Amino acid sequence: MVVDWSVVIPAGETKNVLVKISPSTKAVVLAPPYRGLKDRGADLLARSGEGSDLYVFLSRALSDLDGLTFSHENDSDLRFIGAGEPWLSTLFGRDSLITAGFLNSVDPALAMETLKLLASLQGKEVRVETAEQPGKILHEVRSEPLNLETSSGPLVLPPVCYGTIDATPLWISTLHNAWKAGANEGDVAELMPNLRLALAWMRDYGDADGDGFLEYLDETGRGLANQGWKDSGDSVRWHDGSLADGPIALCEVQGYTHRAALDGAEILEAFGEDGESWRAWAADLKTRFREQFWVENDGFRYPAIALDASKRAVDSLTSNIGHLLGSGLLDEREVGDVMRTLISPEMFSGYGIHTASTTNAGFWPYRYHVGSVWPHDTAMIIRGMWREGRKEEAQEVARGLMEAARRFDWCLPELFAGVKRDAYAKPLPYPASCRPQAWAAASAVVVAQVLTGN
């Protein structure tokens, strides 16, 4: 909508114009943003050193996150962080969970509120048109359908869309982390039915063909062809650059699922229920993963990005493998292989981790998911390195991401070009990047924790 009018102001005079905008529908998903994250981050800001670059980076990030913190029409008391401005200012299962997880040490209540909100929208029935399934955590919520024309054809997402393979295991582990961080036992107990449903979804629906891995396939032909965090149509490629055929079982999703099964088992046992079956399920997944995902290319040994429709290991080297760090899915040797790969020049640009190796035939530093750098992706890898005890490497990558933030005036975009760091190469934002963007901003918290040794 464009509103255009003329105002004549005689010399020496003034005129005031008041514009009032009212929504034409009552179907409003979001309530206005909250404030207060910067106050809640006072301790971490103090450890960062007032006036330091790290302090400036973290302070700007928390201010940006304040402006992205909303509540939902279902319950105005439950906060969540919208994915980003200007395109994604709404509730996303994956994005809101990862962001709340990054902020757990700053605002522990945020995670529980996000978990409760997503639980209220948890799938109840099988509906192909929305990808809803019993126990599944949603992908996104809007007030009306989203219709887009893409290079691969029309994309139609319904107002409540469940087209995500990873939000459900991420919900389970976010609940576990909030519980371990001291969440109210009564609040956790309230979500136990949702936990049981989420665990069952992984086994009964997420693993659609019963091979022991979670995989996805858009059954409508109009939704998201890829349903991991790299959800563009061309993100899952072979090393030679060709596209993989679905159903697709992503490597990092198996890591999330392994962690979720163990986390869910621990919560069940703490509340007097049996978790052993989920521990056994996780152990089986770990064995199968080791047998089917590992490949070698260009002198590197690493997990393939995915298994394709024929259960072949799609041999592209990608940042996805970094999300396996800290998942418990890798043994010590495998952690070493992944670490050596990630910090190689083929993967670490100096500003962050490339989404795909420079050796991939489809690599381009500006390609959305095949060469660019996503701050949250790099932050998840930094956090995984730290949890695996690889602190020097975690701090090296964290310093690189902070240098990128400096060159973006301390406000990281959703993604930026994966150029090599030097005195002349300035990282440029992807043209349609959200900025500010929630999990990019929240990456500052991970950087601050790692660089201050917390």
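**Ground rules.** I number residues from 1 along each chain as its sequence is written. As the model is predicted, local features need pLDDT of at least 70 and side-chain atom pairs count only at pLDDT 80 or more, while totals for chains, interfaces and linings use all residues; side-chain values use heavy atoms, without hydrogens and water.

**Helix α10.** I found Trp278, Trp281, Ala282, Leu285 and Phe289 buried (under 20% relative accessible area, with a 1.4 Å probe and protein chains only). Seen down the axis, the buried residues of α10 fall within an arc of 100°, so they line one face of the helix (the arc is that of the directions from the helix axis to the C-beta atoms). I remind myself that an α-helix has 3.6 residues a turn, so residues three or four places apart point the same way.

**Histidine 139.** Where is histidine 139? I found histidine 139 in the loop between α5 (108-120) and β3 (140-141). Histidine 139 is buried, with a relative accessible area of 2%. Leaving aside neighbours within four places in sequence, its contacts (heavy atoms within 4.5 Å) include Leu91, Cys161 and Asp231.

Terms used:
Buried means under 20% relative accessible area, exposed over 50%, partly exposed in between (1.4 Å probe, protein chains only). Helices (H or I, at least four residues) and strands (E, at least two) are DSSP runs, numbered from the N terminus.
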